[in-house]
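Please read the following report alongside the sequence and the coordinates.

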Amino acid sequence: MLAAAMPICLALIGARAVSAKQPASDTCVACHEQEEDEEIANAVPEWRKSVHFAAEVTCDGCHGGNPRAEDEDDAHAEIAGWVGTPGWKELPTFCGACHESIAHAFADGNLGAGFQGGGIPPTCVDCHMSTGHDTPHANAKEILLDPLPERLRGVPQLAQVRRDVLALVQREAGVSKRVADVSARALPPTGLARDMRTLHNDWAPHFHRFEPTAFAKVDVEARAALDTVEQRAAQLQREAYARARLGEAGIATLTAAFAVLAGLRSRRNP
Amino acid sequence: MSARPDVVAEVANWLETRTGLRTLTRAIAATPAGRAWWLGATALIAFALQVVTGMLLLVYYVPAPDRAFASAQAILWEVPFGWLVRLAHAQGASALLAIGIAHTVLAAARADYKQPRELVWVCGRILALLGFVAALTGYILPWSQLSYWATTIATAPLAKFPLVGTTLVTLARGGETVGGATLSRAFVAHVVALPLAAIALFAIYGRLLARARRIEVRRGTRASARIAGDPRSRALEVSMLVIVYLAVVLALVVYAPSLAFPLHADRPADPLDTPNPIHPEWYFLWASELQRLIPDLIAALPWSHGRLAGAAGWISELLPLAIIGGAPFVLLAVPFLDRGPERNPRRRPVSIALIVLTLGALAALTSLGAHE
């Protein structure tokens, strides 16, 4: 019975292995890629180059709807959670569905207050997207459009906060480099990369309030925390070096002991 | 010329009279050592290293939910050479299980379970299976996210057993969920019950093996022992084996420490935060994949959605458990299922095919599980 079960089991495993390689179907991409309307059709290749694609955020992740539906109406049905394209004022909430802490900081801050007064203040896409879906990769230099669009240059808080943020990001990049070096060494997980992410997520929402004075305080705290991480990283670099040397010495000693024993043995049994 | 009193010889004689140690070492030295003997010896060396490193870890480890993770991390980063001991224990566990698996495969291929070796096989396989239990119980001790959730996942399927499911889960966890009681149970099993059982089984194994070998030599089915066994040569060879094993573990510790620290092993246990994904250790991947595979396959069968949907669901839940739970019993029953006298692998095509297919299935499941 066992003998008969094994080939069946192997065949079934093989079938699963093949089926596991099939990509999940996504009708949003399949249909929108073939759209005649250029703006809609361009969304797909732009999204493919974006940070959201890299993070595996698919169309329905932001816009809702049913990415498995074959029918257009079913795909865009409200019952399937279809949100569609957000209006200008809805953008902070739309992006804030995922970037929650940033959306809260923005809404509470200087620029978000503009919405309350009925104005049209800059919002997420102004600084982070030149067109519809090409949200750049989340590295320090690319995450902000450079130069900022014309209509934003007159917003004084933006220019100053932007300078402060880029300076802090530059410091963060330096520490990240050292952390990456530690992570690449033969050590058990150190938690430093996670500390860096936590640290970034702690300070990043604050500058979205666009309050330079308040951000100055956050900046000082963030820099102090970065100093601590950098010191720990430097200590771990030394530790990794010492462990590697100890390992080499240990293996060399064991090899020498093995050679001595092998010599003694061959003397006894020539 | 007066004879110089040989103190060493006198002490040896004194010991020999009272313990029979020399006779034992000579008997061991006289045993022809083949691949299985050396694999067994490696398993014993690996076990000894686990005992030594385990005892050293106990000096600093605190088996309480609020302190276990911090103490395990302190061993890794603060205690002098704590990293060496902890990583050697973790890497040594994987090595010990790999040796146990290799020994089982070799013994099965050579039919080292046939008369009069039935109990030698049973004893050896119980030892190998205890290794897996030790791995499971040791996994929870650092009280990391991985420890907590891997234990939760490993014990959850027990609830699916009809009638006794809830009792089994409570027994394994010491409560409804994984918690302090689970940690205490795992700790006692890992540091007291399992090592004591293993030491006793190693002793029984040696005794049974020696007895079976004597019978085989008498019957002429096994080559006789070397007439003049040389304990010193064997001692040198065993010492060389110890050195090789230590060098391999040291290389793993120094150059591949992350192997012993999968994802989520570096964060403290948080019952409110389920990490995703959680991958079991390589030696349990086949079992976790089987639990995923069988329900998928049954769901793909046309009859599983009709009137028999209830039965299909029931089979989906119980079949993986029956296979995983039944596998150790099948392994232990091998000597009583295959009773023919033939030992030569070339004349046992069915047995060899079964071994190859079983290994193939396990390897395929492990590979699928690793890429999940």
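In which loop of chain B is the place of Ala111(B)? Ala111(B) belongs to the loop between α5 and α6 of chain B, where helices are DSSP runs of H or I with at least four residues, strands are DSSP runs of E with at least two, and both are numbered from the N terminus.

## Basis of the model

The model is predicted, and local features are considered at pLDDT of at least 70, side-chain atom pairs count only at pLDDT 80 or more, and totals for chains, interfaces and linings use all residues. Residues are numbered from 1 along each chain as its sequence is written, while chains are lettered from A and ligands numbered from 1 in the order in which they are written.

## Overall fold of chain B

Chain B has 13 helices and 0 strands, and its C-alpha atoms fill a box of roughly 95 × 55 × 35 Å along the principal axes. Of its 372 residues, 31% count as buried, a residue being buried if 20 or more other C-beta atoms, placed from the backbone, lie within 10 Å of its own, exposed if 12 or fewer do, and partly exposed in between.

Among the contacts in chain B with a separation of 6 or more, 76% come from residues 24 or more positions apart; two residues are in contact if their C-beta atoms, placed from the backbone, lie within 7 Å.

## Loop backbone

Ala111(B) has a positive phi of about 55° although it is not a glycine, and this residue is buried, with 22 other C-beta atoms within 10 Å. The loop between α5 and α6 of chain B also holds Pro116(B), which is joined to Gln115(B) by a cis peptide bond with omega of about 10°.

In the loop between α6 and α7 of chain B lies Trp143(B), a residue other than glycine with a positive phi near 55°. Trp143(B) counts as buried, with 27 C-beta neighbours inside 10 Å.

## Nonpolar cores

In soluble globular proteins, nonpolar side chains tend to be buried together. A nonpolar core is here a set of buried Ala, Val, Leu, Ile, Met, Phe, Trp, Tyr and Cys residues joined through C-beta atoms within 7 Å. The largest such core has 45 residues, and those with the most contacts inside it are Ala46(B), Leu87(B), Ala88(B), Leu96(B), Trp143(B), Val249(B) and Val253(B). The elements that give two or more residues to this core are α3 (35-60), α4 (68-77), α5 (82-109), α6 (118-140), α7 (145-155), α9 (180-219) and α10 of chain B, with the largest share, 11 residues, coming from α5(B).

Leaving aside its neighbours within four places in sequence, Ala88(B) is in contact with Leu49(B), Thr53(B), Val249(B) and Val253(B). Apart from this core lies another, of 23 residues, among them Leu111(A), Phe207(A), Leu226(A) and Leu236(A).

## Packing of α5(B) against α10(B)

The axes of α5(B) and α10(B) come within 9 Å and cross at roughly 115°, where axes are lines fitted to C-alpha atoms, for helices over the stretch in contact, and angles run from 0 to 180 degrees between N-to-C directions. At this crossing Leu84(B), Leu87(B), Ala88(B), Gln91(B), Gly92(B) and Ala95(B) in α5(B) meet Val249(B), Leu252(B) and Val253(B) in α10(B). By class, this contact has 7 nonpolar, 2 polar and no charged residues, with Ala, Val, Leu, Ile, Met, Phe, Trp, Tyr, Cys and Pro counted as nonpolar, Asp, Glu, Lys and Arg as charged, and the others, Gly among them, as polar.

Chain B is divided into domain 1 (10-274) and domain 2 (280-372), with bounds that come from an automatic or database domain assignment. The centres of the two domains, taken over C-alpha atoms, are 25 Å apart, and 19 residues of domain 1 are in contact with 19 residues of domain 2. On the side of domain 1 that touches domain 2, α5 and α6 of chain B each give two or more residues, and α6(B) gives the most, with 7 residues.

The contact between the chains takes 35 residues from chain B and 30 residues from chain A. On the side of chain B, the elements that give two or more residues are α10 (231-255), α11 (285-300) and α13 (349-370), and the largest share, 14 residues, comes from α10(B). By class, this side has 25 nonpolar, 5 polar and 5 charged residues.
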